[in-house]
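This report describes a single protein chain, starting from individual residues and moving out to the whole fold. Please keep the sequence and the structure in view while reading.

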Amino acid sequence: MKSFIAANWKMNKTIAETREFLRDFIPSVKDVADVDIIIAPPFTSLAAAGEALMGTNVQLASQDMFWEEKGAYTGEVSPAMLLDTGCRHVIIGHSERRQYFHEDDAVINKKIRAAKKAGLGVIFCCGESLEEREADKTFDVIGREIEKGLEGVDAENLVVAYEPIWAIGTGKTASPEQAQEVHAFIRERLRKLYGSAAEDIRILYGGSVTPENVELLMACRDVNGGLVGGASLKPDSFAKLVCYKKEK
Ligand code: PGA
């Protein structure tokens, strides 16, 4: 299975900073053929990034979108607008969207359905908080997020990201054992939904992934890639991550 490593820049980088990053980053990964490399800049940088990435082996993603096709939705961005910038994927259900923008499972499900209908690949995020983990609710929470978030959604062009909230931006990475345990659970849930097609769904780990810990995480059976925040903001750091096999 081809691994999938995505940069989630969150609310970072102007258009000029995006161009500068890509100028350094694109040549440093041009020979990588065994990883799907994805960059998700903020909305304002998508068009410039789309132009810079044309004809390269780096693909563009958005961090969010709205589910309607067009109309009176001040501030929102439609799937067609994302496709227009060169986006091929969209991150949906990130814990920061759930937490700060009150996106619930129903909203996330609507967004996933709309994205897939428009032909965008979906990077669907799930994960438990520290409180939920300590209360032994990890599997309940993730089971519910998958069941409700993926209701009526097929397996095509679907990538799932496991991001324990306690590991995001904290420097506290899940151990490879902790990651594998949850990834195996997610794979099992995907089998229930999709049968044998579940074997081909990439399950990414996200939460304080760095060039130093990526290899151990990627060695886990059901870890098929990474969703990277902080360590994706510098071209050399993200290139090291993407080239983790060659860095050995
Ligand atoms: P982090 O963020 O790598 O900075 O922990 C990951 C994410 O939220 O996607």
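## Proline 42 and its surroundings

Proline 42 is in contact (heavy atoms within 4.5 Å) with Trp9, Lys10, Asn12, Lys13 and Gln63, leaving aside its neighbours within four places in sequence. Its place is the loop between β2 (35-40) and α2 (43-53); helices (H or I, at least four residues) and strands (E, at least two) are DSSP runs, numbered from the N terminus. Proline 42 has a relative accessible area of 14% and is therefore buried. Here buried means under 20% relative accessible area, exposed means over 50%, and partly exposed is in between, with a 1.4 Å probe and protein chains only. Between proline 42 and asparagine 57, 15 residues apart along the chain, the C-alpha atoms are separated by 20 Å.

The model is a predicted one, in which local features need pLDDT of at least 70 and side-chain atom pairs count only at pLDDT 80 or more, while totals for chains, interfaces and linings use all residues. Residues are numbered from 1 along each chain as its sequence is written, and side-chain values use heavy atoms, with hydrogens and water left out.

## Two buried strand residues

Asparagine 8 lies in strand β1. Its relative accessibility is 5%, so asparagine 8 counts as buried. Leaving aside neighbours within four places in sequence, asparagine 8 is in contact with Ala40, Gln63, Ile91, His94, Leu227, Val228, Gly229 and Ser232. Phenylalanine 66 is 58 residues away from asparagine 8 in sequence and 18 Å away in space, C-alpha to C-alpha.

Histidine 89 belongs to strand β4 (residues 87-92). With a relative accessible area of 10%, histidine 89 is also buried. Apart from neighbours within four places in sequence, the contacts of histidine 89 are Phe4, Ile38, Gln59, Leu60, Ala61, Ser62, Leu120, Gly121 and Ile123.

## Loops and exposed positions

Lysine 10, one of the contacts of proline 42, lies in the loop between β1 (3-8) and α1 (15-28). Lysine 10 has a positive phi of about 55° although it is not a glycine. Aspartate 136 likewise is not a glycine but has a positive phi, of about 65°. The loop that holds aspartate 136 runs between α6 (130-134) and α7 (138-149). Aspartate 136 has 69% relative accessibility, so this residue counts as exposed.

Glutamate 212 sits in the loop between β7 (202-206) and α9 (214-218). This residue is exposed, with a relative accessible area of 66%. Glutamate 212 and arginine 191 are 21 residues apart along the chain, and their C-alpha atoms are separated by 32 Å.

## Lysine 148

Where does lysine 148 lie? It lies in helix α7. At 40% relative accessibility, lysine 148 counts as partly exposed. Not counting residues up to four places away in sequence, lysine 148 touches Asp105 and Asn109. Lysine 148 and aspartate 105 are 43 residues apart in sequence, but 5.8 Å apart in space, C-alpha to C-alpha.

## Nonpolar cores

A nonpolar core is a set of buried Ala, Val, Leu, Ile, Met, Phe, Trp, Tyr and Cys residues joined through side-chain atoms within 4.5 Å. The largest one here has 66 residues, and Phe25, Phe124, Ile186 and Phe238 have the most contacts inside it. Helix α8 (residues 176-194) gives the most to this core, with six residues. A second, separate core has 12 residues, including Ala61, Cys125, Ala161 and Leu204. In soluble globular proteins, nonpolar side chains tend to be buried together.

Phenylalanine 124 touches Ile92, Arg98, Ile108, Ile112, Glu145, Ile146, Gly149, Leu150, Leu158, Val159, Val160 and Ala161, not counting residues up to four places away in sequence.

## The chain as a whole

The protein chain has 10 helices and eight strands. Its radius of gyration (over C-alpha atoms) is 17 Å, close to the 18 Å that the globule rule (2.2 Å times the number of residues to the power 0.38) gives for 248 residues, so the chain is as compact as a globular protein of that length. Its C-alpha atoms fill a box of roughly 50 × 45 × 35 Å, taken along the principal axes.

Buried residues make up 53% of the 248 residues. Of the contacts between residues at least 6 apart in sequence, 71% join residues at least 24 apart.
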